[in-house]
Amino acid sequence: MAQTDVLLTKQPVPQTIPACELPPKQYDVARNTGAYTSSGLATSGFRTAKYLVDEWFQNCYARYHQAFADRDHSERQRHESRQLAAETDLLLAQKQRIERALDATAVPFSIATDNLQCRERRQHPDLVRDYVEMELLKEAELIRNIQELLKRTIMQAVTQIRMNREHKERCEMDWSDKVEAYNIDETCARYHNQSTEVQFHPHSTKFEESASTPESWAKFTQENLNRAERERLASVNLRELIDCILRDTAEDLRLQCDAVNLAFGRRCEELEDARHKLGHHLEKTLREITDQEHNVAALKQAIKDKEVPLKVAQTRLYQRSHRPNVELCRDAAQFRLVNEVEELNMSLAALRDKLLEAEQSLRNLEDTRMSLEKDIAVKTNSLFIDRQKCMTHRTRYPTILQLAGYQ
């Protein structure tokens with residue numbers, strides 16, 4: 001008979017009757033079937049009671065549950081910490097882009113202000129608030145608004161980076177605590193009755209006042225994970241917002257730059273056309289002045305030519321007025337001389353009137369010439385300021401990649 005699994009309490013009595021002729025006796029094996037027992041049934045010199053399979057799994061689960069929970073949550077904390085670190089690096093790169101974009105806006109702002117200051121040196125009547133100046137003022141205002149927006153975005157990015165680092169540090173601390181707790185639980189799981197490292201700790205059964213419950217532990221861990229996830233999502237949204245801001249601001253600046261350049265081009269065409277018309281008018285005026293000068297010279301010569309016969313006629317009359325006595329006669333010659341003098345005087349008076357009119361017309365033409373030359377000089381100065389100063393300076397305008405912070 002196989003009796004190896006029977007718990008013997010004393011030495012068996014020697015059998016005198018063959019076993020095959022005796023009825024079999026049933027023996028109940030003593031087993032440890034308690035709900036929360038942890039050791040077998042003690043005997044006088046050895047131990048034969050074993051754990052049931054379900055009891056063994058129950059004890060193992062109770063022993064390793066906390067360790068596995070710590071390990072699982074520590075891995076999640078580590079994962080969230082790594083994600084926050086990666087997100088922080090990406091956000092730092094975006095912050096550097098914003099800073100480069102903010103630095104790049106200094107050049108357009110200096111160009112706009114320099115253009116406005118240069119155009120203040122225009123002369124009257126070109127010193128007006130035209131559509132070019134309106135576009136320049138709009139550009140300067142746009143750049144100021146963009147700079148303020150970028151500064152606020154930088155502050156928001158700095159705040160988000162600080163929050164990411166704080167929650168990363170919390171996750172790392174919690175992860176470190178859970179790794180340490182996991183190692184402690186793993187060490188405890190290896191202890192058994194034959195372990196040599198165990199010793200008495202009478203006060204270890206007391207609960208610490210700061211000890212947490214499984215519910216508060218799980219809540220604290222989940223809150224850390226949730227906060228880390230919220231900050232990570234906030235960082236992702238902020239990075240997307242920064243991309244949109246940089247793209248929109250760069251496009252707005254380039255569109256406004258193109259609008260200003262177009263306005264400058266139109267204004268330069270108008271100035272060039274006006275200067276061309278004034279030059280043509282000046283050429284016509286110069287020709288009229290030349291003709292009028294010739295007319296004045298001819299009138300003066302005609303007056304001079306008329307004065308000689310008048311002198312002759314008046315001299316004759318004067319000499320004939322010295323005739324003696326009855327010889328002082330009003331004869332036909334005397335009448336002819338008097339008529340000749342009157343005709344010459346009338347002719348000279350007419351010539352002098354024409355000369356006065358011609359000289360006045362010449363003066364008017366000279367004034368017109370001076371006015372035209374002044375207007376041409378004003379237009380040339382305005383064209384030089386707009387084309388040579390402003391438009392040449394605007395060739396230094398940053399590219400859209402620089403305005404977007406990529407360069």
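Author: Leu149 touches Ile245 and Thr249, leaving out residues up to four places away in sequence. Contact means heavy atoms within 4.5 Å. This is a predicted model: local features need pLDDT of at least 70, side-chain atom pairs count only at pLDDT 80 or more, and totals for chains, interfaces and linings use all residues. Residues are numbered from 1 along each chain as its sequence is written, and side-chain values use heavy atoms, with hydrogens and water left out.

Reader: How far apart are Leu149 and Ile245 in sequence and in space?

Author: They are 96 residues apart in sequence. C-alpha to C-alpha, the distance is 8.6 Å.

Reader: Where is Leu149 found?

Author: In helix 3. Helices are DSSP runs of H or I, at least four residues, numbered from the N terminus.

Reader: And Thr153, buried or exposed?

Author: Buried, at 3% relative accessibility. Buried means under 20% relative accessible area, exposed over 50%, partly exposed in between (1.4 Å probe, protein chains only). Thr153 is also found in helix 3. Leu149 is partly exposed, at 27%.

Reader: What does Thr153 touch?

Author: Ile98, Ile242 and Ile245, again not counting residues up to four places away in sequence.

Reader: New topic. Which residues does the cis peptide bond join?

Author: His124 and Pro125, with omega about 10°. Most peptide bonds are trans. Pro125 lies in the loop between helix 2 (106–119) and helix 3 (131–189).

Reader: Last one. Where is Tyr406 found?

Author: In the segment after helix 6 (400–403). Tyr406 counts as exposed, at 52% relative accessibility.

How values were computed. Helices (H or I, at least four residues) and strands (E, at least two) are DSSP runs, numbered from the N terminus.
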